[in-house]
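Let's take a walk through a protein model, strand by strand. Have a look at the picture before reading on.

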Amino acid sequence: MQIKEMNIEELQNLQTELHNQYEDYKKLGLNLNMSRGKPSKAQLDLSLDMLDIKELTAADGTDARNYGVLDGLPEAKAFMADFMSVPVDNIIVFGNSSLNIMYDTVMRAYVFGVLPGATPWKDQGKIKFLCPVPGYDRHFGVTEAFGFELISVPMTENGPDMDIVEKLVAEDAQIKGIWCVPKYSNPEGHTYSDETVRRMAAMPTAAADFRVFWDNAYCEHHLDMDDKAEILDFLAECAAAGNPERPYIFGSTSKITFPGAGLAAFAAGPESVKYTRKLMGVQTIGYDKLNQLRHVKFFGDKAGLQAHMAKHAAILKPKFDIVTETLARELGDTGCADWTNPKGGYFISFNTMPGLAKKVVGMCKEAGVELTGAGATYPYGIDPEDKNIRLAPSMPPVADLKVAAELFCLCVKLASVEKLLAEKQA
Ligand SMILES: Cc1ncc(COP(=O)(O)O)c(C=O)c1O
């Protein structure tokens, strides 16, 4: 029954029932965690054999143990370019973290400017950045650390609301960039439509040095290998629209092999790649080529990587299913919440009635279930409606997830009933 349609007496009865159930949960002494978007141990074990690969010499004879090869071994560049669906000439293979590349990319634009001769962002007054919400807290954290003004833009099922994005970037030259997770977005799991990609590539911007930070973190992270989301080639769309230097594209194998010990890469337009190589050449002599060879030998090619991703999906899908099934069963007809049913990525995005996210996260914590902090999916950690909660089903075992999801639903119902009662009794 729709909780919203209940009268005061019905709400009071339900409150008592739910409260008793909640107290029973608290007695169980649970210690469960749905807060972390990390692969589980079973997923990490999938790549263990990679560590037995002791390949020291690249195809061109380079000794991978020694210094040199700034932007990646040729076979590593070819592999990462194929994986990220970009031409090999446009790619640079970096170290172990794409977030690290994103930070450095902002830093370079801030200190040196986006291209030779461009005015550094630091010399252009207050810089602003667009942040589709809900979004990835660490993206927002990078641009917050530089003191940029973060402007929230609402997400839709097809990507950021492009009417708003186009208007803002056309009118304000202080807006220098936008954060994008184009496939299986964090946290909603949405994938940008062709129209969104084309508009993002072609939109006029007041700032000549406007850049799209295209974090394709989940490009091969499907939950169902027979139902994969596809996106257009952003680099090609930008070039076709006459904006070849607009995209900064990021990817990594963090959630494919080992987070913190994978391969990360950057792709961009021809001038941007050239300039980045020049600047990074001061910063490093080269990254970990032994790890590059390990990855190339382990997967062979993109088809090998995709076969590996099917094994991840087999582990992850039952976990997402148990959570979405529980949400549908417990909350489907209550009218007091909505959530996404992603086809890939690592998260489910959940909305309570306005004003309840913090309360629900607190109630879950009190009963032994840790969730991502409410507000984390918004710039500055502030969700203006206090309603979004990011659920991360990857780490706990299925049995734990079932209990955690049931308790979560109970907390959502109890918090909603209490809010409605307070409103009706006011
Ligand atoms: C959208 C997104 N980008 C990047 C990362 C981190 O990537 P990396 O491990 O390559 O730094 C994450 C991790 O959760 C993520 O969700």
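What follows is a short tour of a few strands and their partners.

## Before we start

This is a predicted model, so local features need pLDDT of at least 70 and side-chain atom pairs count only at pLDDT 80 or more, while totals for chains, interfaces and linings use all residues. Residues are numbered from 1 along each chain as its sequence is written.

Helices (H or I, at least four residues) and strands (E, at least two) are DSSP runs, numbered from the N terminus. Two strands pair if DSSP finds at least two bridges between them.

## Strand 7, under cover

Strand 6 (residues 175-180) runs parallel to strand 7, joined by 4 bridges, with I178 standing opposite V212. To get from strand 6 to strand 7, the chain passes through helix 7 (residues 194-202) in a right-handed β-α-β crossover. Right-handed means that, with the strands pointing away from you, the path from the first strand over the helix to the second runs clockwise.

Strand 8 (residues 247-252) is also parallel to strand 7, again with 4 bridges, and P247 sits opposite V212.

Now for an open sheet of 3 strands, in the order 10-11-13, with antiparallel pairing. Strand 10 (338-339) and strand 13 (388-391) are the edges, each pairing on one side only. Strand 11 (residues 348-351) connects to strand 13 by 4 bridges, and S349 has R390 as its bridge partner there.
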